[in-house]
Amino acid sequence: MGILTRATRNLSRRKTRALVVIIALSLALTMLIILPPSINARQALTQKAINSLIANADFLKTTVTLSATEIQCDYTISFDPNTMIGHGTIWLTQPLMNESLFNNITSLPDVTNVIPLFLELSTANRSYQIYGVPLENASFQMDPTILPQNITQGRNLQVGDSGVVILDEHAAENLSASLGDTVTILGRNFTVVGIEGLELPRGANGVTMSLADAQAITNSTGQAWAYKVFADNIDNVNTVVSRIRSLDPKLEVSAGLSQLNTAQPLESQINVLTQAAQNNLNQIQGTGLIEISIAVIADTAIILFIMLYSVRERTKEIGTLKAMGASNAKILGQFMLEGVLLSVIAAVIAIAVGVFVLPTLASVLLPMPVQTGVGIGWDPNGTVVLQPGMVSFGKTPVIPGHETNFIAASVTPEIMLLGLGAAILLGALGSLYPALKAARTRPAEAMRYE
Amino acid sequence: MNDSVLKIENLTKTYKLGKRDVQPLTNLNLEVKKGEFTAIMGPSGSGKTTLLNIIGCIDKATSGSVLIDNVDIAHLPESQLYKIRRDKIGFIFQNFNLLPYLNARENVELAMELAGKFKGQRKQRAKDLLNTVGLSGREQHRPQRLSQGEQQRVAIARALANDPAIILADEPTGNLDVNNKQEIVKLLLDLNQKQGTTIIMVTHDEQVAAQTQRMLTLNNGKILKDKQTQKSTLSGNQSKAEETQEE
Ligand SMILES: Nc1ncnc2c1ncn2[C@@H]1O[C@H](COP(=O)(O)OP(=O)(O)OP(=O)(O)O)[C@@H](O)[C@H]1O
Ligand SMILES: [Mg+2]
């Protein structure tokens, strides 16, 4: 019959009252237990959305700036005269550009970079087209017009790759090849390291390899299908365009300056969304904090008042205990234990309840995280555009590596222990003053008390 | 019978009540010897309870000295006083004051638990004590299932639990009917005679007081009369008790 038994007996003395108090306490504690994981989950979710938006904005900026200084040049595409007679299909052809032209453009003033691109069109005997990519040029890793962006199996091409190819789904089908297989392209063996999902703006039936490989198997070393030329800044784009034209009047030269006009509104749109998400995050934190404070205060206050009432009601009992030789510390301990016990019983109930009601209650107590987002995509012409709803919870975002998944909150063992700890602490806090009052009771007066 | 267990010198108790003070005890002197059974009588408000509370260390003397087993408790701090209450004093109240959520045995055990006695030891002694006060078989009963007389017996067993130097009883029979009253007095007399327990008992009942060895009468905060009622022999007490009953 220790101090704990006495505390328990005392609680069960007034069963209805104890029950009501425990229910009230467990309501407060349920809030306390489910709020932190819910806030965390919502925060993480919103943070992910914000990160994704920021990544999109950065990506947009670099892409647009680059494409604004970008100049594309190649020879005019035309029908292949060899295929025009006797065949049902007409094939296209385009002359390649020689290395001397590459060197000439590279040495033009105000030009920072020239990227040779290689394309061998499909023919009557070959259903796929061959893309050659200058892999060592890292600044174009994210440009979907140069490097595949939608790898569904395996990996993308890397700097230094040779003897490997990426097949798009059509090419894979036509070549009856899958990931890891060896395919023969124009007499040379290649290992399939990746499969590309079909996605604009690149045409279907593509076999993508390193520029050097593509040039080697087509016997066109040093030649290119097109150049991407970059001016050192936007103001010099037009000058560079006319300089290239003067090098060879047959060249088709076009600049991507118009991209700039779309970039500004896109950027500000992303900024607005980012700000909204940030506000949402603050709101979730604010509301959560207020509710946690309410739960803490409610728990403490309930214990404070019920224990004060109990001490008053049991004045005579306290006097008797003192007359029997109970020390002040013992009486303090007895009453604090009763308060803590109430809180702990309520916490156990709250944990059990919290496990079940967390998702429902969390959506009642906290604001919902931002649900819609905006992503960056490309229209059929390869122009960067903002696409509504592309970054949203549960959906696949445009930029790989910035996926936002739904994050489920749950009452973990850590939260249970924390909840129990908080209940003990609040129980002790709430019963401290009443217990001190009990301990300081003057026995002679307590005995006269009726 | 020679060593005094209680020695009070010049005890004054003043309650400050705003401008008017109440002084229930004024320069009171009293000595009680080991094994004595003393009854305190006196009109209502004469300071009987106040005196008992001060001896029992649950109230503080304003001035004077109160020696229990040669320790002046009038000048002890609370950190020492609770030990005196626990080890030297056994209280018996008019309203029994048992803890309602503990059964008879647990009520007795609680006193020993406070004194740090071990569980096995506690349980056996509680049983023995309840047996002594005639309550064997009722150990498991909670107070509300015991008669008033039985409750007071439990309270007596509780008061005896730590083998105190003095039993202080404030109108222990005040709430009891005639039969129970005599039973309790008999029990106290028995304890006093067989075990040499020192008892100081406040009572308004002359018949009860008359069965003790010494009768003090308090008035206006002082001892008005101090009368040795009879011999302190075992046979004397018993014959007296019988006489009283016959009256
Ligand atoms: N805490 C207190 N504050 C002020 N006055 C008090 C206090 N306690 C007791 N008194 C007063 O002290 C006086 C003595 O009271 P006490 O209880 O000792 O009398 P008593 O002899 O036990 O009376 P009764 O026979 O009615 O029990 C009374 O006048 C009472 O009002
Ligand atoms: Mg009194």
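This is a predicted model: local features need pLDDT of at least 70, side-chain atom pairs count only at pLDDT 80 or more; totals for chains, interfaces and linings use all residues.
1. A pocket, in the sense used here, is an open set of grid points where a 1.4 Å probe fits, with protein on both sides within 12 Å along at least five of seven lines. A molecule sits in a pocket if more than half of its atoms lie within 2 Å of the grid points of that pocket. By this criterion, ligand 1 sits in the second largest pocket.

2. Which elements of chain B give two or more residues to the shell around ligand 1? They are the strands β1 (4–17) and β2 (20–33) and the helix α1 (48–55). Of the contributors, α1(B) gives the most, with three residues.

3. The site is shared between chains, because residues from chains A and B surround ligand 1. There are 15 residues around the ligand, and those that come nearest are A:Arg448 from chain A together with B:Ser44, B:Lys48, B:Thr49 and B:Thr50 from chain B.

4. Several contacts involve oxygen atoms of ligand 1. The side chain of B:Thr49 places an N or O atom 2.7 Å from a ligand oxygen. For B:Gly47, a backbone N or O atom is 3.1 Å from an oxygen atom of ligand 1. A polar side-chain atom of B:His204 lies 3.2 Å from a ligand oxygen.

5. How much of ligand 1 does the protein bury? Taken alone, the ligand exposes 630 Å², and the protein buries 73% of that area.

Definitions and conventions
Residues are numbered from 1 along each chain as its sequence is written. Chains are lettered from A and ligands numbered from 1 in the order in which they are written. Side-chain values use heavy atoms; hydrogens and water are left out. A residue is near a molecule or strand if one of its heavy atoms lies within 4 Å of it. A polar contact is a pair of N or O atoms within 3.5 Å; within protein, one must be able to donate a hydrogen and the other to accept it, and residues adjacent in sequence count only if both atoms are side-chain atoms. Accessible areas come from the Shrake-Rupley method with a 1.4 Å probe; for residues, only the protein chains shown count as cover. On a 1 Å grid over the protein atoms alone, a cavity is a set of points where a 1.4 Å probe fits but cannot get out, and a pocket is an open set with protein on both sides within 12 Å along at least five of seven lines; lining residues have an atom within 4 Å of a point. Helices (H or I, at least four residues) and strands (E, at least two) are DSSP runs, numbered from the N terminus.
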